[in-house]
Amino acid sequence: MYKIRADMISWILHKITGFAIVSFLIFHIWGMSQMSKGPDAFNAVIEAYKTPLFKFGEVLLLGAILFHGLNGMRIILGEFTRWAMDRHRLLLVLTYMIAGTLFIIGGIALWRAE
Amino acid sequence: MSSRGSKGWLLQRISGALLFITLGVHFYIYHYFMGPGMWGFESIGYGANDLETLRLMAESDPTQARFYALASLFAAPVWKVFDILFITLGCYHGFYGIVANIEDMVTHPTWRPVLSWLTYFAAFILWVMGVVTVISFNPQLF
C-alpha cells in the first residue's frame, strides 16, 4: 500500500513539475526574444526578475527542475536496467533526498543572489 | 500510452536524458559562469570576447553590462548551435509531455485530437520564436 502511494506521489509530482517547467519555457523564450530589441527592452525584463515575486518563482522553478530531472533519470534507469529495477525503492528515496538537498542549498543561494 | 506507440515513448526518454545534460550546461553557463557573483568579466573567456569591453561596461554602470555580456555569448556560433539544439529538445519534450497527458485524460473524440494538435501548434510557434531570436541576434546593432 505504502509502495503504491509513494509511486503515485512521484508520478503526480512529475506531471505538475513538467507542466510548471513548460509554462516557464514559454515565458523564458519570450523573455529572451526581447534581447533582439536591444538593451533597454532586455533590461526591463531583467529588472522584473529581481522583484520578490519572480525570485520566489525562480526558487520554485529550481525545485521543479531538480525533481523532474532526477526523477526522469530514475524512470529511465528503471526502465532500461535490471540493476535499477531491483533497487526501485532505494532509488526513489535517493531521488527525493538528492533533489531535496540540492533544492535547499540552491534555493537559498538563488534567493540571496543579486 | 500504447495508442501513441513506442516511438514517442522512446523519443521522450532520449530527449529527456539529453535535456538533463544540456540544461545542466545551460544553467552553468548563464547563471553561474556569467551570473551574479561572477561579475569579474575576465571569467567570460570562451568565444565571448569583449564587444568593446562590454560597451565600456555599459557606459560605466556595470549592472547594465549584463546585456552585452549575454550578447557576446549569444553571438558565438558554438552557443547558437547549442541553443538551437536546446530549444528544440525543450519544445519537443515539454509539449509532447502535455500531449501525452491530453491523450491520457481527455476522452472526448473531438476534443482530444483538437487539443493535441493545438498543443503541437503552440510548440511550433514557440520553437520558431526561439530559433529566430537565436539566429537573427546581432550584437553589432546595439
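The helix that gives the most to the lining of the second largest pocket is α3(A), with 5 residues. Helices here are DSSP runs of H or I, at least four residues long, numbered from the N terminus. A pocket, on a 1 Å grid over the protein atoms alone, is an open set of points where a 1.4 Å probe fits, with protein on both sides within 12 Å along at least five of seven lines, and lining residues have an atom within 4 Å of a point.

Please keep in mind that this is a predicted model, where local features need pLDDT of at least 70, side-chain atom pairs count only at pLDDT 80 or more, and totals for chains, interfaces and linings use all residues. Residues are numbered from 1 along each chain as written, chains are lettered from A and ligands numbered from 1 in written order, and side-chain values use heavy atoms, without hydrogens or water.

Back to our pocket: 13 residues line it, and L13(A), T17(A), G63(A), A64(A) and F67(A) lie nearest its centre. Along with α3 (52–80), α1 (2–33) and α5 (88–112) of chain A each supply at least two lining residues.

Now, which residues are buried in helix α2 of chain A? They are P39(A), F42(A), N43(A), V45(A) and I46(A), buried meaning under 20% relative accessible area with a 1.4 Å probe, protein chains only. These residues sit on the same side of α2(A), because they cover an arc of only 155° around the axis, taken from the directions from the helix axis to the C-beta atoms.

Finally, meet F67(B): leaving aside neighbours within four places in sequence, its contacts (heavy atoms within 4.5 Å) include M35(A), F42(A) and F137(B).

Definitions and conventions
Buried < 20%, exposed > 50% of the residue type's maximum accessible area, 1.4 Å probe, protein only.
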